[in-house]
Every structure is written in C-alpha cells, then in structure tokens.
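Open your viewer and keep the selection panel handy.

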Amino acid sequence: MKKIIILAWRNLWRNKRRTLITAASIFFAIFFAILMRSFQLGTYGYMIEQSIESYTGYLQLQNPDYYDDPSIDNSFGYNQQLIEKIRSHQNVKSIAPRIESFALASNGIQSKGVLVSGIDPDAEKEISNPIHRLIRYQFTEAAIDKMKQNGNLPPDLMAKIESCKNNTYSSEAKIELELELDDESTNKYLPIITHYSHFNSQYLTSSDNGVLVSDRLSRYLKVTIGDTIVLMSQGYHGLSAAGIYPVRGIIKMASPDLDNKLIYMSLPEISEFLGLDQQVTSMVINLNNNDEMMQTQTELQTLISNDHQYAVKNWEELIPTLKQQIEGDSIGGQLFIFILYVIVFFGIFGTVLMMIAERKREFGVMIAIGMKRKKLSQIVSLELIFMGILGIISGMIAIAPILLFGHYYPIRLTGEVAKMYEDMGFDALMPMALFDSYFFSQGVIILIMILIVCIVPLRSIKRLKVIDALHG
Amino acid sequence: MNVIEIKNLEKIYNGTAIQVKAINGVDLNIEEGEFTAIVGPSGSGKTTLLNMVGGLDSPTSGSIVVDKTDLSTLNQKQLVDFRLHNIGFVFQAYNLIPVLTAKENVSFIMEMQGAPKDQIAKRTREILESVGLGNRMNSRPNQLSGGQQQRVAVARALASKPKFIIADEPTANLDSKSTENLLDIMEELNRKENITFIFSTHDQRVVKKARRVIVLEDGKIVKDEKK
C-alpha cells in the first residue's frame with residue numbers, strides 16, 4: 001500500500017501545472033462556498049438570536065386560541081406546579097411567564113403604539129436576560145463636553161467619541177470595541193470615558209411599579225431614567241387600562257423592531273394594569289439543545305395535555321415570516337454554491353479525461369508487467385483524492401482566519417441594504433458563522449464529486465485493452 | 001525441457017473489408033535457456049506472436065502452453081498474475097514508471113509479488129549491479145540515457161525470476177554502443193543464469209548474438225535455425 005501511495009503522490013506532480021490548476025479550482029470552490037454559506041448561516045443565526053433567543057424563545061406555551069387571536073382574553077392561568085412540570089423535561093433550559101399586550105405610550109406630546117411585556121424579572125434573566133441589555137453608558141453632548149474639559153483624552157480618541165455622539169452602550173466591552181481601544185488605552189482612558197458617560201439604568205424588581213423602555217422608543221418618546229410615561233390600553237374582557245409609570249432603565253434590544261416598541265413591566269404591575277389574575281399570555285421556553293426542538297415540542301405537548309389544554313408552539317410557528325425568509329434566502333445561496341460545484345466538477349472531469357488519454361500506454365505497460373487492474377485503479381483514484389484533499393485543505397486553511405475575523409468583527413451594512421434589514425426588523429449586521437457542520441460538509445461534497453469522477457478512470461482501466469494501449 | 005509449446009497457432013484480425021491472418025498455423029517449441037531471435041519484415045507477425053506468448057493477446061485458434069500451463073485456460077485476472085510470476089517484458093520504448101527511481105522500478109515488481117522486504121532490497125541491488133547500474137540506483141528514468149533505461153527495463157524483467165523474458169525490439173531505440181552493451185548483458189545473464197530470452201527484432205547485431213533464429217513471413221515460420 002505504501003508504494004501505491006508513493007506512486008499516486010508522485011504521479012500527482014508529474015504535471016505540476018495541471019495539478020495546481022485543478023487544485024486551485026477546488027480551493028476557490030471551497031473558499032467561496034464556505035465564505036458564502038458562513039455569511040448566510042451567521043446572518044440567520046444572528047437573526048434567530050435577535051428574535052428568538054433574545055425574546056420569543058424556542059418554544060412557547062399558550063392558550064390554544066392565542067395563536068389565531070393573540071389577545072389577553074386568550075390568556076391562561078398558571079401555577080408553580082405547571083412550571084415545575086415543564087422544567088422537569090431534560091431539554092428545557094429555562095422557562096419564564098409573560099403577559100404581552102399592546103398599548104399606547106405617551107410622554108408630553110409624543111405618543112406611540114408599543115408592545116408591553118410583563119415579565120418575572122428573575123425568571124426572565126434566564127430567557128432574554130434584560131439586565132445584560134440595560135444601557136449603562138451614553139455619549140450625551142454633556143458627557144462629551146465633560147470629557148473634553150477633563151483634557152486627558154487624546155484628540156484622535158475624542159474625535160472618535162464625538163463621532164459616536166448619542167450612542168448608548170450596555171457594557172465597557174462594547175465601548176472598547178466601538179472606540180477600538182488597545183489594552184493600554186483601555187487601562188488609561190476607559191475609566192475617564194465611563195466616569196463621564198455613566199448612565200444609571202436599573203433593573204426591575206419582582207414587584208416593581210416602574211418600566212424599562214427600549215432605547216429607540218425612549219428616544220422617540222424623549223424619556224430617560226426618572227421620567228414617567230403614560231400607558232393606555234384595553235384590559236381583560238374589555239376593561240379600560242391606564243397607568244403612569246416611572247422609567248427605571250433604558251434597554252437596548254438587538255432587534256431594531258423590538259428596540260422601537262418594547263416596554264418591560266413586572267408581572268404584578270402588568271396584571272394590575274390589564275386586570276388579570278394569575279394569568280399569562282405565554283410561557284417562554286429556551287432549550288439546552290435547539291436541534292431537538294421539534295421532539296421536545298411533541299414531548300412537552302404530551303406531558304401537559306393530560307391535565308390542561310395548552311398549545312406548545314415552536315419559533316417557526318410563532319414567527320413564520322422569519323423561517324420563510326431564512327429558507328428562501330438559504331435556497332438561493334445553495335443554488336449559487338451548486339452552480340459553483342457543477343463548474344468545478346466539470347473542471348475535474350476534464351483533468352481526468354486528459355490524464356487518461358495521456359497515460360493510456362503507461363496503464364497498458366503496468367498491466368502487462370503484472371499489475372492488477374484493481375491496484376492501478378487504486379493509484380489513479382488516490383491521485384484524484386490527493387488532488388481534492390490538497391484543494392480542500394488549502395481552501396479551508398485560507399478561509400479559517402477570515403471566518404474567525406468575520407465572526408468576531410461582523411460587517412455592519414450601510415445605506416439602503418442596512419435600511420432594508422432594519423425595515424425587516426433586524427440589526428444590519430452580517431456576522432460569519434463559526435466552524436460547524438456546514439464548514440466540513442463543503443469538503444465532503446468535493447470528495448463525493450471526486451469519487452463520482454473516479455468512475456471514469458476506473459471504467460477506463462477496467463475496459464483497457466492492453467495490446468491497444470501498448471500500441472499507443 | 002520446453003518452456004513454451006505452441007501448436008497450430010492462428011490469429012486472424014477481422015478488418016472492415018478483409019480478414020488478415022497475422023499468424024497462420026505456427027508450431028513452435030522454445031526450450032529453457034534459449035537465446036532466440038524472431039525476425040522478419042514488418043507485418044510478418046513477430047509482435048503478434050510475442051504478444052500471444054506473453055498472454056497479452058489471445059489466439060483465434062491453437063494453443064500456447066507455458067511451463068505446462070495452457071494460457072487459454074486462464075481468465076484475465078489469472079493472466080495478469082501469471083505474467084507477474086512467469087514472464088518478464090522488455091519493451092522498445094523502455095516503458096519504465098517515470099516517477100520511480102531505477103531501484104524502485106525493479107523492486108516494485110517484487111513488491112507486487114509479495115516478496116519479503118529484505119529479499120527485495122538484496123535482489124534489487126544484485127540485479128542492478130548485474131546490469132551495470134549499481135551506481136545509478138537512485139536515478140529516475142529521465143536522469144538516465146536510453147541504454148541505461150533499457151538496462152533498468154531488463155533488470156525489472158529479471159526481478160520477478162521469470163520463466164522467460166520477451167523483448168520486443170529492445171535495441172530499436174539504442175545507439176550501437178548501448179546496443180552492444182545491452183546484448184552483452186543479456187547474453188551473460190542467459191549463459192550464467194540460464195534465463196530464456198525471446199526477441200523480436202530487425203537488428204542484425206541481435207541476430208548475430210542469437211543462438212536460434214526464427215524467420216517469420218506472412219504469419220508463417222519460413223526458417224528456424226539453431227547455431
């Protein structure tokens with residue numbers, strides 16, 4: 001076997017140029033297929049993260065009528081026993097009750113229709129974790145003026161800060177990233193920046209009577225911490241609902257759609273506002289293993305159907321537009337990759353045909369002197385596999401750092417494309433997906449293509465007439 | 001003792017319009033240790049005869065028995081195996097494996113036979129030294145002259161310890177000096193190790209060295225002379 005491997009490897013380099021051209025075509029196919037798929041899957045993942053992991057949850061428990069008529073009249077009663085029952089499923093990571101309703105929010109002459117989400121502040125930490133999204137720092141005009149007066153920040157950093165005027169940040173790390181601070185600058189300047197830009201957002205307590213307002217909504221309503229907003233809505237069974245609520249904190253939602261309309265309240269406060277009694281509109285469930293979502297949905301449905309009439313919905317049912325959008329885009333991308341592979345396939349095919357024509361005599365001699373056709377086929381197949389592996393590995397090595405960079409420093413889209421993304425309710429970011437099955441499956445596809453192409457030389461060797469081959 | 005026994009051999013090629021009898025009723029025995037040249041004009045059937053003796057082509061009728069094995073009883077796979085263990089080939093165009101060194105070209109045959117590693121190394125060195133290439137064992141074919149390549153081809157043919165070696169126009173691509181040199185080596189191997197050689201050739205220098213000369217014309221043996 002060793003000699004066969006040596007022969008195959010050396011044969012590969014008999015026509016260096018042809019081998020390199022074919023390997024290069026595989027290299028570029030792998031490179032671009034992974035690049036494109038990574039952008040696609042990264043963007044889908046980010047969309048899912050924005051919409052599902054940060055708010056909707058992978059599964060929701062609802063009143064069966066709520067799906068068609070999402071009104072608080074279709075809320076359902078819950079108790080700790082129900083929560084524990086759901087939590088007992090091994091794939092359930094976290095569960096949180098929610099009451100969702102629409103209301104008109106106003107401050108002074110500004111008013112807007114908003115989504116009011118009543119949460120259990122402690123349980124919600126394990127779902128959307130609003131604390132993580134609270135705005136802690138804001139580069140207001142006053143804050144920037146104070147930083148200038150301080151005089152310890154270098155001019156280029158001040159210029160960057162000024163370009164980020166009115167931007168808000170939920171952590172020091174995000175300021176570091178935005179201002180591209182190195183370790184030394186972070187140690188030296190970040191304390192000054194955070195000192196002047198500090199923003200005192202508070203999280204809700206379990207029976208808080210205040211609200212958290214999403215960042216863009218707060219700008220629209222022109223409210224900040226300590227201000228109050230008025231909410232008006234229709235309560236349970238047509239009750240009139242109205243209230244005035246102090247703003248405890250500003251929260252930055254990843255999804256621009258949610259960031260434009262979300263207000264968080266504590267469960268007791270929203271129950272009082274809407275006239276509900278120990279009722280919720282949904283139980284949001286996140287999972288340990290998202291790949292088992294469908295199975296978990298069925299099992300949970302079975303688990304709770306004995307005692308109560310509940311419906312367990314998955315995110316694809318809750319946000320069908322997102323699923324369709326992802327599927328539609330994914331098919332387009334896969335079609336492009338398919339075309340790329342077809343081109344490469346015929347490239348490899350051409351190489352193989354040339355190789356067979358060139359080496360027919362040699363094959364004849366080898367069989368004449370006693371080499372079994374099977375061994376000869378192994379050599380030729382190995383040559384093609386080596387060529388494929390060469391292209392695949394070099395393509396993967398070349399794309400890996402780009403992929404890592406694109407994952408940790410996603411491209412921020414600008415202009416019309418960004419607007420289009422935001423109109424669809426998504427942040428205009430294009431992160432790349434990290435190494436996953438899609439990454440390796442591109443290599444597997446190329447190898448399968450090579451194995452298919454191998455049929456040609458194998459067939460040719462099997463049918464080779466030694467005498468004809470020797471006569472050239 | 002006969003190494004090859006050929007009886008009433010015929011080979012007919014069916015062309016589009018006519019049939020061509022390339023070999024027409026040949027009866028021939030080759031004994032162990034013979035140094036035989038098959039001569040004749042182009043198209044006389046020399047190569048066709050050798051191809052059939054080597055198991056590369058099958059006769060239309062008649063039989064070829066090599067060392068008590070009737071080649072017509074073997075299928076393609078068995079023929080490959082038979083060639084590997086019983087027949088050595090030397091081609092006009094050398095036909096060495098270009099990516100292997102002289103040493104590897106020779107040892108490759110023994111590896112295919114499944115010989116033990118230490119024996120392969122020893123025999124490879126011995127054979128290459130016997131053809132005068134002990135100092136070029138690590139050279140690839142493109143680093144060797146035509147004569148040297150043909151000597152490697154002879155060494156390769158010897159490697160499998162064959163019953164006989166078929167050499168189809170072995171000197172056709174060589175200059176006089178290389179031809180003399182190659183013939184001396186083959187003659188010496190024949191005399192010392194009793195290896196049977198069968199040549200097809202036009203070359204008078206080969207004919208002079210041969211101890212038996214068979215003349216073919218139109219597929220028939222017209223002269224069979226032992227010196």
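Two residues are in contact here if their C-beta atoms, placed from the backbone, lie within 7 Å. By that rule, residues 24 or more positions apart account for 72% of the contacts in chain B with a separation of 6 or more. The model is predicted, so local features need pLDDT of at least 70 and side-chain atom pairs count only at pLDDT 80 or more, while totals for chains, interfaces and linings use all residues. Residues are numbered from 1 along each chain as its sequence is written, with chains lettered from A and ligands numbered from 1 in the order in which they are written.

**Stop 1: chain B as a whole.** Select chain B and colour it by secondary structure: there are 7 helices and 10 strands (DSSP runs numbered from the N terminus, helices being H or I of at least four residues and strands E of at least two). Of its 227 residues, 45% count as buried, that is, with 20 or more other C-beta atoms, placed from the backbone, within 10 Å of their own.

**Stop 2: strand β9.** Look for B:Ala37, which stands opposite B:Val213. β9(B) and β10(B) form a hairpin with 2 residues between them, and B:Asp218 in the turn has a positive phi of about 50°.

Stop 3: Show both chains: 16 residues of chain B are in contact with 14 residues of chain A. On the chain B side, the elements giving two or more residues are α2 (76–86) and α3 (102–113). Of these, α3(B) gives the most, with 4 residues.

**Stop 4: helix α15 of chain A.** Select residues 320–368 of chain A and find A:Arg359, where α15 bends by about 60° (the angle between axes fitted to the seven residues ending there and the seven starting there). Its buried residues include A:Leu322, A:Val344, A:Ile348 and A:Phe363. What do the buried residues of α15(A) pack against? Their partners include α2 (16–56) and α16 (373–408) of chain A, together with α2 and β6 (87–90) of chain B. Finish at A:Gly370, which follows α15(A) and has a positive phi, near 120°.

Key
Buried ≥ 20, exposed ≤ 12 C-beta atoms within 10 Å, placed from the backbone. Pairing = 2+ DSSP bridges.
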